[in-house]
Amino acid sequence: MNSENFSICEKIVSSSYVRQGSQARRSHEQLIRLLLDQGKCPEEGWSESTVELFLNELAVMDSNNFLGNCGVGEREGRVASSLVARRHYRFIHGIGRSGDIAAVQPKAAGSSLLNKLTNSVVLDILKVAGVRSVSSCFVVPMATGMSLTLCFLTLRHRRPQARYIIWPRIDQKSCFKAMITAGFEPVVIENVLEGDELRTDLEAVEKKIEELGAENILCVHSTTSCFAPRVPDRLEELAKMCAKHDIPHIVNNAYGVQSSKCMHLIQQGARVGRIDAFVQSLDKNFMVPVGGAIIAGFNESFIQEISRMYPGRASASPSLDVLITLLTLGASGYKRLLKERKEMYTHLAQELQKLAEAHGERLLHTPHNPISLAMSLSSLQSQSVKAVTQLGSMLFTRQVSGARVVPLGNEQVVSGHTFKGFMSHSEAYPCPYLNAASAIGITQDDVTLCIKRLDKCLKSMRKEAGPEPTAGENGPDAE
């Protein structure tokens, strides 16, 4: 209510009570005013009542919610189900216009404000998370793979002669198919084994650039967040290489926002060399439903160019979800989650180390991977290849989700390309292993239950396999 309505209320209810209610409302409005004025994530999270007040205020600015609105067009924000309307807080028009996902809609001032504010708040959070010099970003209602495709398609107009994308191998289908879908030929660079870690083969990348010719390469497509024993690419060196050869550089930062190490790599890469855009998932980094990503970069005009490449309007749901989440958490709440995740990584590593030693295995040494861990499964492999995959099934049926069992010798064809040793990021990794990750939102209970159930599964499988071999007979001391 406005001041005039409050004055009228004083004729109905005691003025002291009305003034108290008016002051309470002003406290909500002050928070909203700061958000509109600064465009930053509030330091402290909002209450649900403040968030809902704000969303309702925005929604009534859209034409489909005008009292007495008369719509005679083909798209007037009509919704058959009131349940659907409430689910979306009556933001029905989506975001953007047919020519630009970031454009303002004349029919939907509220949805347009929602879109602009979300992009501004997310940009602030990317800076808080460690990429201080990022200059522009936007939320796109597609997951990471299709968002990468959008980046590649935008580069096509800048480099029409280019056919190839140089890609240090990571065994994850969507980022590979993103290149194929955009119409380019991925040039797979195998990783090099350094200790237990799989790292970027910089010499092979340099040789491939010289072989193909820089003008024929669309970009280098690197990766930060990944499953151990692969570790984030050597972003600084790749960024320098891209700057030297004038080749664009797109970074797949899928779940890297939650890792200060991944974000630092991006910041440093942009400082010493070239990074054109980096793409991250909304669900993996901000605990919202699947369906959105953030495309960000250091050159505002290029990021705007990518947003204009998106055909048609877009769903506002991912923007709405992440805005509600960040307003509720506040910057301090999000930073607390990042801190807790890092602490849980140390705890998970310690518990996996103990478990590995108890079963004659070892925690692979992958210090450059800040999120994912890997435990060897050599003793299971000695029983049979089937035993390794059986462990994965046993964990899944015991409600341990996310644990990833990687046997040796897998072969997979993805969009016509054959990957030997698929899932292990290498043609011949030395041992099978199990992955577990300390991702944002993980709790101590998650770790405790996972370790307990994994321990039971390993004991059960050892019991079924019969007596263990003595040392020197394929046992842990065998050469």
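Modeller: C151 is buried, with a relative accessible area of 0%; buried means under 20%, exposed over 50%, and partly exposed in between, using a 1.4 Å probe and protein chains only. Keep in mind that this is a predicted model, where local features need pLDDT of at least 70, side-chain atom pairs count only at pLDDT 80 or more, and totals for chains, interfaces and linings use all residues. Residues are numbered from 1 along each chain as its sequence is written, and side-chain values use heavy atoms, with hydrogens and water left out.

Biologist: OK, new topic. Which residues have the most contacts inside the largest nonpolar core?

Modeller: F54, L126, F152 and F286, in a core of 85 residues. A nonpolar core is a set of buried Ala, Val, Leu, Ile, Met, Phe, Trp, Tyr and Cys residues joined through side-chain atoms within 4.5 Å. Helix α13, residues 317–358, gives the most to this core, with nine residues. Apart from it lies another core, of 29 residues, including L355 and M394.

Biologist: What is L126 in contact with?

Modeller: Leaving aside neighbours within four places in sequence, the list for L126 includes V131, C137, F278 and I294. Contact means heavy atoms within 4.5 Å.

Biologist: Now the outside. Is I12 buried or exposed?

Modeller: I12 counts as exposed, at 69% relative accessibility. You'll find I12 in the loop between α1 (3–9) and α2 (15–38).

Biologist: And the whole chain, how many helices and strands?

Modeller: There are 16 helices and 14 strands. These are DSSP runs numbered from the N terminus: helices are H or I with at least four residues, strands are E with at least two. The C-alpha trace spans about 95 × 55 × 40 Å along its principal axes, and 51% of the 479 residues count as buried.
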